[in-house]
Amino acid sequence: MLKDIKIYPGTEIKDTDYFDGESTEDSLQFWYAIRTKIKPIIKAQMQFDQSGHRLVLHTSDEVKIYLHGCGSHGYGEGARATNFILKDCGFEPHEVNLKSRSHGPFEIEKGDREITGRNRDWDIDYPYRDSLNHSEEPIERFEWIKNNPELTERQKIINMNKLTISSLYLFPPRDRKIEVSVDELEGLLQGFSEAMNYMQEALPDTVYEEINSKSKSGLLKILKQVDTSFKY
């Protein structure tokens, strides 16, 4: 049913019209199904009332999308979903982090703080969205991108990376640890070094600052685990 959904300008669509519950999983599944069928999101609201809370997204053609499993309660499941969806809509990451963890209602609009087109290349990014038409399972989506003969190697690695990031954010491992081999880690770091040559010029300042800060902290933790001569 969701694959055939038609969205017309000026209408309202709700995840609860397609799912019995109001769970975060339902809202995410609904978002995955419709996000390629709508115009750009220009405003988002977190609404609270006696019936509960919901994330309301407003498109440029006046469609309203209601997601009842999304909240703004700190670092909970609903707040993580709100954070992911708002960033996926193109809102400024630092502001999204603040709003999604605000423990209350909020409103956020695109404007000067919106991520600009200089870090978007739709010819590169489209496989990430297209993979949703093939499966909702991250591993199956990953394999579809990896084995797609129509994609360039650049498209493959960028979109596999994007998929991994989104899955890590939404479904972090319970023990909060990720295991990779030394060779795999070396490859990731080599790619990261090449990307850093162009990253600051390609990204808005707030996005670059967030990545830069997390990267410095992560690199130090890796180094401390590699160089066992460090004294702590």
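At 56% relative accessibility, H103 counts as exposed (exposed means over 50% relative accessible area, buried under 20%, and partly exposed in between, using a 1.4 Å probe and protein chains only). The model here is a predicted one, where local features need pLDDT of at least 70 and side-chain atom pairs count only at pLDDT 80 or more, while totals for chains, interfaces and linings use all residues. Residues are numbered from 1 along each chain as its sequence is written, and side-chain values use heavy atoms, with hydrogens and water left out.

H103 sits in the loop between α3 (93-100) and β5 (helices are DSSP runs of H or I with at least four residues, strands are runs of E with at least two, and both are numbered from the N terminus). Its phi is positive, at about 60 degrees, although H103 is not a glycine. Most residues other than glycine have a negative phi. E62 is another case, with a positive phi near 65 degrees in a residue other than glycine. E62 belongs to the loop between β3 and β4, and with a relative accessible area of 63% this residue is exposed.

Now for the overall layout. The chain holds 8 helices and 5 strands, and from the N terminus on its elements run β-α-β-β-β-α-α-β-α-α-α-α-α. Of its 232 residues, 37% count as buried. Taking contacts between residues at least 6 apart in sequence, 56% join residues at least 24 apart (a contact means heavy atoms within 4.5 Å).

The strands make up an open sheet of 5, in the order β1-β4-β3-β2-β5, with mixed pairing (two strands pair if DSSP finds at least two bridges between them). β1 (12-14) and β5 stand at the edges with a single partner strand each, so one side of each is left without a neighbour in the sheet. On average, and ignoring direction, neighbouring strands of this sheet are turned by 15 degrees against each other (angles run from 0 to 180 degrees between N-to-C directions, and axes are lines fitted to C-alpha atoms, for helices over the stretch in contact).

Strands of a sheet pair through backbone hydrogen bonds, either parallel or antiparallel.

Helix α1 (residues 24-34) touches β1, β2, β3 and β4 (64-67), and its direction makes about 150 degrees with that of β4. α2, for its part, lies across β2, β3, β4 and β5 and runs at about 5 degrees to β3.

What about helices packing on each other? Two packed helices are described by the angle between their axes and the distance between the axes. For helix α2 (residues 77-88) and helix α6 (residues 153-170), the axes come within 9 Å and cross at roughly 155 degrees. α2 and α6 are therefore roughly antiparallel (over 145 degrees counts as roughly antiparallel, under 35 as roughly parallel, 65 to 115 as roughly perpendicular and the rest as oblique). R80, A81, N83 and F84 of α2 make this contact with S166, Y169 and L170 of α6. By class, that gives 4 nonpolar, 2 polar and 1 charged residues (Ala, Val, Leu, Ile, Met, Phe, Trp, Tyr, Cys and Pro count as nonpolar, Asp, Glu, Lys and Arg as charged, and the others, Gly among them, as polar).

α6 also packs with helix α5 (residues 138-146), at an angle of about 170 degrees and with the axes 9 Å apart. α5 and α6 are therefore roughly antiparallel as well. Here P138, R141, F142, I145 and K146 in α5 meet K156, N159, M160, L163, T164 and S167 in α6. The classes in this contact are 5 nonpolar, 3 polar and 3 charged residues.

C70 is buried, with a relative accessible area of 0%, and C89 is buried at 10%. A disulfide is a covalent bond between the sulfur atoms of two cysteines. The count comes to 0 disulfides, taking a disulfide as a pair of cysteine sulfur atoms within 2.5 Å.
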